[in-house]
Amino acid sequence: MTARTVHEDVKIEAQKLSVAASSANDCMQRISKLLHERMLKYNWVGFYMIEDSSAAAVLVLGPFQGAMTPHTRIPMHQGICGAAASTGKTIVVDDVSKDPRYLACSLETKSEIVAPVFVRGNVVGELDIDSHFPAAFKDEDRELVEYCASLLGQCMEKYGR
Ligand code: SME
């Protein structure tokens with residue numbers, strides 16, 4: 001019998017949590033807590049959701065785990081968060097100090113991943129994770145983070161926003 005990797009275990013746990021969630025907000029809380037607790041290099045884990053009721057769409061901080069960030073509202077054309085949401089593509093940054101788009105959240109952050117959340121093919125938000133370790137996000141992390149983002153998308157299709 002081959003042992004499952006932590007990434008595989010956490011995927012299974014995330015799937016169970018998302019099915020048990022009673023709302024999209026509950027799903028975000030459960031998934032952010034799970035990733036923060038189980039993935040040792042995931043030092044800040046949070047969701048940003050697109051608010052498009054105002055004139056210009058903006059990303060608004062949702063449930064998160066880790067230290068409070070100064071970036072509670074991010075315009076779509078700013079930051080790594082804005083780039084991921086406006087292109088609908090996952091962004092992995094191995095060294096945030098070398099990326100001119102980067103908006104600093106903590107001086108300790110060295111690398112970051114942002115994966116969009118889709119509902120019926122449209123980007124509605126994203127899952128953002130910061131690490132205190134350089135190049136913390138490998139292929140298996142991208143797969144896990146995109147999977148967790150897709151679980152929220154499914155939850156939002158079920159419960160709405
Ligand atoms: N670093 C992000 C901002 C959000 S904080 O990391 C929580 C960015 O560059 O968009």
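Student: How many bridges join β4 to β5?
Tutor: This is a predicted model in which local features need pLDDT of at least 70 and side-chain atom pairs pLDDT 80 or more, whereas totals for chains, interfaces and linings use all residues. Residues are numbered from 1 along each chain as its sequence is written, and side-chain values use heavy atoms, without hydrogens and water. Strands (E, at least two residues) and helices (H or I, at least four) are DSSP runs numbered from the N terminus, and two strands pair if DSSP finds at least two bridges between them. β4 and β5 (residues 111–119) run antiparallel, and the bridges joining them number three.

Student: Which strands stand at the edges of the sheet?
Tutor: The open sheet has six strands, paired antiparallel in the order β3-β2-β1-β6-β5-β4. Two of them have a single partner strand each, so one side of each is left without a neighbour in the sheet: β3 and β4.

Student: What does the twist average from one strand to the next?
Tutor: Angles run from 0 to 180 degrees between N-to-C directions of axes, which are lines fitted to C-alpha atoms, for helices over the stretch in contact. From one strand to the next, the twist averages 25°.

Student: What angle does the direction of helix α3 make with that of β5?
Tutor: Contact means heavy atoms within 4.5 Å. Helix α3 (residues 79–87) packs on the sheet and touches β1, β2, β3, β4, β5 and β6. Its direction and that of β5 make an angle of about 35°.

Student: Is Ile 91 buried or exposed?
Tutor: Ile 91 lies in β4 (residues 91–93), and its contacts beyond four places in sequence include Ile 80, Ala 83 and Ala 84. Buried means under 20% relative accessible area, exposed over 50%, and partly exposed in between (1.4 Å probe, protein chains only). With a relative accessibility of 11%, Ile 91 therefore counts as buried.

Student: What is the relative accessible area of Gly 66?
Tutor: Gly 66 is in the loop between β2 (58–65) and β3 (73–75). Beyond four places in sequence, Gly 66 touches His 36, Asn 43 and Trp 44. Gly 66 is partly exposed, because its relative accessible area is 39%.

Student: How far apart are the end C-alpha atoms of helix α2?
Tutor: The expected span of a helix is 1.5 Å times one less than its number of residues. For the 15 residues of α2 (residues 24–38), the span should therefore be 21 Å. In agreement, the end C-alpha atoms of α2 are separated by 21 Å.
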